[in-house]
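Please look it over, then read on.

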2 protein chains.
Amino acid sequence: MFDPFTEVDKRAINTIRCLALDMTSKASSGHQGAPMGCAPMAHVLFTRFMKCNPSNSQWINRDRFVLSNGHCCALQYSLLHLMGYKVTLDDLRDFRQYLSITPGHPERGMTDGVEVTTGPLGQGISNAVGLAIAQAHLGAVYNRPGFEIFNNYTYCIVGDGCLQEGVASEAASMAGHYKLGKLIALYDANNIQIDGDIKVQFTEDVCTRFKAYGWNILKVEDGDNDLDAIANAIEEAKKQTDKPTLIYVHTTIGCGSLLQGTAKVHGCPLKVEDVTQIKEKFGLDPTKQFNVPDDVRAFYNGITTKDAEYEKEWNALFEKYAAAYPAEAKEITRRLRGELAEGWEKLLPTYTPADKPTATRKLSETVLNAICDALPEFIGGSADLTGSNLTKWKSAKDFQANDSGIGDYSGRYFHYGVREHGMAAVMNGISAYGCGLIPFGAGFLNFIGYASGAVRLSSLSKHQVVYIMTHDSIGVGEDGPTHQPIETFAALRAQPNLNVVRPADGNEVSAAYLQALTSKTTPTVLCLTRQNVPHLQGSSIENAMKGGYVLQDEPNPKIILAGTGSEVSLCVEAAKLLKQENIPSRVVSLPCLSLFDAQGPEYRNKVLPKGIPILSVEAGSTFGWAKYAHRSIGIDTFGISAPAGKIFEHFGLVPTEVAKKAKLLISEFPKMTL
Amino acid sequence: MFDPFTEVDKRAINTIRCLALDMTSKASSGHQGAPMGCAPMAHVLFTRFMKCNPSNSQWINRDRFVLSNGHCCALQYSLLHLMGYKVTLDDLRDFRQYLSITPGHPERGMTDGVEVTTGPLGQGISNAVGLAIAQAHLGAVYNRPGFEIFNNYTYCIVGDGCLQEGVASEAASMAGHYKLGKLIALYDANNIQIDGDIKVQFTEDVCTRFKAYGWNILKVEDGDNDLDAIANAIEEAKKQTDKPTLIYVHTTIGCGSLLQGTAKVHGCPLKVEDVTQIKEKFGLDPTKQFNVPDDVRAFYNGITTKDAEYEKEWNALFEKYAAAYPAEAKEITRRLRGELAEGWEKLLPTYTPADKPTATRKLSETVLNAICDALPEFIGGSADLTGSNLTKWKSAKDFQANDSGIGDYSGRYFHYGVREHGMAAVMNGISAYGCGLIPFGAGFLNFIGYASGAVRLSSLSKHQVVYIMTHDSIGVGEDGPTHQPIETFAALRAQPNLNVVRPADGNEVSAAYLQALTSKTTPTVLCLTRQNVPHLQGSSIENAMKGGYVLQDEPNPKIILAGTGSEVSLCVEAAKLLKQENIPSRVVSLPCLSLFDAQGPEYRNKVLPKGIPILSVEAGSTFGWAKYAHRSIGIDTFGISAPAGKIFEHFGLVPTEVAKKAKLLISEFPKMTL
Ligand SMILES: [Ca+2]
Ligand SMILES: [Ca+2]
């Protein structure tokens with residue numbers, strides 16, 4: 001049972017409201033409406049339920065808190081401050097300012113105690129699903145009778161905006177399917193959005209919808225004042241062990257303001273008179289800003305002190321666990337250090353040109369079969385394309401609810417459903433949990449576009465996640481233009497902190513996994529073919545790890561053919577045709593442009609020297625290639641539906657055409673100028 | 001009441017099943033499982049309900065049919081053939097072949113009778129919502145007592161995959177909110193997906209979810225055989241005038257196959273023995289392929305003949321309508337011709353440098369206020385950012401359900417909710433309806449990524465839709481990196497058939513709208529600033545309509561500064577600094593690169609001649625700029641949270657830095673080589 005509420009709780013809540021108010025007033029920017037409405041539920045959650053240790057925000061079994069309505073971050077920063085995280089009153093004063101640790105929306109890695117980056121609506125609640133999955137999985141793998149090593153809760157505050165986003169719908173459906181009992185979301189139901197009353201755009205019955213997903217639904221009628229009701233609901237939610245819970249908390253946006261309950265209080269700083277009357281109404285000194293009354297400070301300090309015990313208790317438990325289960329404890333410790341099992345990379349297969357031509361998606365499957373048993377932290381699945389993506393390794397067991405009969409929480413394979421965006425956001429959440437978890441998700445490359453909202457956050461939040469995207473070009477064939485990526489390579493390559501890898505053969509696929517699994521702060525998109533490609537003379541893991549390299553060369557090449565993925569072997573064939581005409585050439589493979597760029601100018605100039613014409617060849621948009629090549633063969637329209645060979649022919653992606661264009665470039669190059 | 005079902009209906013359904021089977025067998029590719037399961041509902045729909053005219057697939061008041069599970073297109077092509085659309089048996093034989101009109105997934109514009117492009121899951125049902133919105137709107141605007149000019153239904157077949165996609169959730173929620181009574185979706189509930197039984201990933205209660213959205217729910221227990229139940233459900237659905245209807249139709253995937261009811265029958269061609277036993281079981285000649293028995297042919301011919309009457313009746317009605325309501329009829333006729341009101345473009349405002357600096361989003365609002373009354377076909381709104389996107393023109397009335405009390409179906413302003421993807425897909429549907437409708441949608445530019453699945457289809461399907469995306473750079477300021485687009489320009493520009501327009505000032509904003517509203521087969525993304533920009537000497541609508549032009553020039557420029565949007569004025573300021581040092585320069589504005597590229601090499605070389613160093617300046621990724629510039633100033637990391645001015649400074653996007661880099665480039669250019 002939770003500690004009873006007293007007057008100091010009310011004062012604390014009003015203090016939080018006014019801190020948020022002072023932050024947005026000082027910044028002349030930001031949102032105070034939702035913080036003022038959400039302060040009661042956040043206060044109840046942090047003071048009565050959250051098991052965390054503010055002096056070590058990385059303690060692995062901490063309860064996770066996600067603020068899905070990230071624009072409400074003045075609330076989160078205020079709480080982090082009161083709780084004793086590394087957020088000072090000065091940091092609150094610096095809200096949204098240059099180089100502050102209190103940016104406009106919560107950013108993972110920027111602020112102590114912030115678990116995930118939110119603000120782009122719908123992402124936080126979806127991350128929360130991933131966090132809860134991670135806990136369920138680790139608990140199933142490592143907990144032993146009497147040793148609940150991983151048993152934390154994931155709490156989330158979520159607003160109307162988040163719940164309208166499709167990504168949240170996808171993730172919520174997954175959460176219900178997986179029966180994630182330790183996931184508890186508090187829905188800040190204030191009936192207001194930026195465009196006004198929700199009646200203009202959002203009249204669905206959210207609770208019934210979540211019930212349909214398999215969630216437990218609870219309601220709090222007066223979320224502005226009824227702290228007992230909030231706390232009782234959370235207690236009730238914790239008792240529901242086989243369903244996630246959505247607590248509908250009816251609140252008043254901008255609670256206390258003269259404009260409360262209207263869209264006007266959402267995101268515009270309030271007038272001075274309004275701020276004054278709010279503070280007076282709340283019994284706080286209207287002449288003071290960033291004011292934390294002593295009793296409130298003392299109260300929160302008490303919470304902080306109590307919280308430190310949780311980790312101590314856990315450490316003691318883990319010590320006993322280590323004695324009883326040394327192998328498991330050792331593995332957990334290794335994973336917590338972020339190290340992969342020693343020597344795992346020796347499992348990566350290598351190939352010679354004598355090996356049979358194979359689709360890179362199939363070569364990817366071979367890698368997964370080779371490494372997955374050695375890498376328990378590598379978990380993932382497909383968005384309903386398992387048989388096409390070839391992502392299910394031989395020994396894989398499904399992650400499913402324990403009573404499902406078709407897997408359990410210790411399983412590592414996910415059937416994400418046709419939910420690319422939800423999958424990506426859930427992956428970000430799994431990655432955010434820590435304990436070395438590296439999630440992967442798979443689909444057709446073309447449909448990574450559905451997920452780009454979350455893929456962007458993979459990069460921004462530095463999540464080590466791996467997107468295994470197959471059917472990476474017109475090589476898709478008959479499925480046609482709706483399924484053939486064209487602009488996708490360019491779109492992904494333009495995104496900061498994302499490695500886009502398009503391996504050409506078996507060795508490059510192995511390199512791609514080596515790169516993905518060792519890039520701790522950069523997500524990776526693997527672009528893999530549907531169709532077979534030969535293993536190439538000159539390819540190696542070591543070479544491919546540079547992002548670009550000379551695959552084949554001849555003395556004094558007259559032209560450089562630079563390709564990626566399935567077009568590298570096309571370049572090799574074209575080079576043979578040129579050789580028949582006594583035209584020496586070089587073939588360069590560029591599996592990962594960002595990695596190649598990172599090698600520095602000296603290496604890059606060695607591979608792609610000035611003064612020799614360079615022709616790039618890639619079955620995708622030529623957009624972006626001018627940086628590397630003088631001319632580009634590619635596809636700047638949408639694709640067509642036909643057998644793949646026909647389509648490559650249609651777009652001139654055949655050796656004869658490449659050779660022809662190479663000769664043309666050789667002849668015109670001398671006349672070309674900057 | 002529908003015509004009773006007889007034996008010929010069963011034979012017709014089995015014929016359709018076998019046509020689909022023959023198509024996938026001959027192509028050795030494609031999906032027969034869903035067509036075999038959906039054949040009964042499709043047959044019932046097309047023979048008993050669809051009011052359409054196969055000899056004129058463009059008749060404006062036709063009932064719309066959308067196959068949301070587009071991989072099921074063998075079904076659609078078979079029906080279009082039987083119904084008498086321009087799809088021959090040879091076209092069916094050519095399924096998925098080079099240059100055929102029967103591609104791997106349905107493509108609008110490719111096949112007579114196909115309304116929208118589907119295959120990317122979730123899009124079709126969302127397009128259907130748009131089609132139903134369009135009908136509701138046009139009916140409210142133009143129908144008169146006794147003259148139901150626009151009263152068609154929108155029917156949609158949708159599968160499990162579509163209903164898992166977030167975009168479908170978003171659109172379905174909108175449909176419920178808007179009470180679209182003429183939207184009827186048949187849910188092919190076969191419990192199977194590619195990854196197997198839906199129990200592995202999709203255990204939510206779909207019907208309850210849709211009920212929560214405000215839909216009417218009906219069920220058909222035996223969708224394989226019970227034609228009366230299907231027809232009764234559709235009749236029932238038509239009676240529900242203030243809710244869209246979802247008819248849950250329980251079917252068997254691959255109905256008739258030895259593998260029926262399993263994932264194996266989804267997308268792999270069946271064995272010959274299986275095909276033979278299917279045809280025998282169905283009473284069809286197993287030695288024949290692409291066989292339409294005479295009685296089935298005769299039956300469908302009867303339907304075709306009857307269908308031609310619908311348009312005749314409508315034409316007669318419209319003639320009377322034209323006599324009674326000549327102004328309305330004239331407007332409809334104009335719109336059907338795809339012409340805008342004469343002289344509308346004269347309403348576009350123009351500016352001189354004396355006019356006050358203004359944010360381009362605000363200038364966009366001025367344009368909307370100027371033109372919207374003259375352009376009844378231009379309809380749209382915002383994804384819950386009306387006050388930020390500034391998209392609500394003065395006279396705008398909300399599109400809302402007629403009984404909502406806050407608007408009605410004749411309204412043209414949409415509160416799409418925080419549903420960017422659903423918004424875009426609904427826009428595609430509105431555009432697909434025809435009658436000149438040009439939908440627009442608005443949001444923060446960064447969140448167009450949420451919608452990219454549908455934005456891609458805007459381009460592929462050649463929908464004239466307009467994305468009004470504001471807050472187009474780090475100029476967003478305090479909201480921080482989660483809200484600041486970086487890779488977005490590049491990602492959009494790489495997409496075929498998409499005009500990405502980033503206007504620099506008032507004249508360029510007017511040009512952007514002129515371009516968007518006259519590009520009949522190309523969608524447009526307008527990228528607009530949050531922050532103020534000055535009106536530039538040298539800008540004009542005419543110039544901007546070329547996509548790029550010399551804004552300011554000096555004799556023998558030593559450098560060309562090429563910018564877009566808010567960075568053009570930055571280039572102008574830098575040019576002033578250079579002038580102070582006696583360095584003559586040229587400033588080029590490039591509001592739309594695709595349009596600039598389309599001007600041909602002569603014009604392009606005049607604007608950006610060889611031999612003069614070119615420095616591009618854009619507050620976004622430099623990816624893609626090497627095609628136009630020798631060096632680029634941009635941002636290749638994520639942004640930061642701070643007041644906007646600080647951020648521009650941080651990234652060197654200030655006149656002094658641009659001038660400095662210009663001088664550096666001037667000095668190094670002579671040594672640069674290709
Ligand atoms: Ca709200
Ligand atoms: Ca299905």
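Are Asp160(A) and Ile192(A) buried or exposed? Asp160(A) is buried, and Ile192(A) is buried as well, where buried means under 20% relative accessible area, exposed over 50% and partly exposed in between, with a 1.4 Å probe and protein chains only. The model is predicted, so local features need pLDDT of at least 70 and side-chain atom pairs count only at pLDDT 80 or more, while totals for chains, interfaces and linings use all residues. Residues are numbered from 1 along each chain as its sequence is written, chains are lettered from A and ligands numbered from 1 in the order in which they are written, and side-chain values use heavy atoms, with hydrogens and water left out.

Asp160(A) belongs to helix 6 (residues 160–164) of chain A and Ile192(A) to strand 4 (residues 192–193) of chain A, so the pair ties together parts that are 32 residues apart in sequence. Helices (H or I, at least four residues) and strands (E, at least two) are DSSP runs, numbered from the N terminus.

**The sheet in chain B**

In chain B, 5 strands form an open sheet with mixed pairing, in the order 16-18-17-19-20; two strands pair if DSSP finds at least two bridges between them.

| Strand of chain B | Residues |
|---|---|
| Strand 16 | 549–552 |
| Strand 17 | 559–563 |
| Strand 19 | 614–617 |
| Strand 20 | 631–633 |
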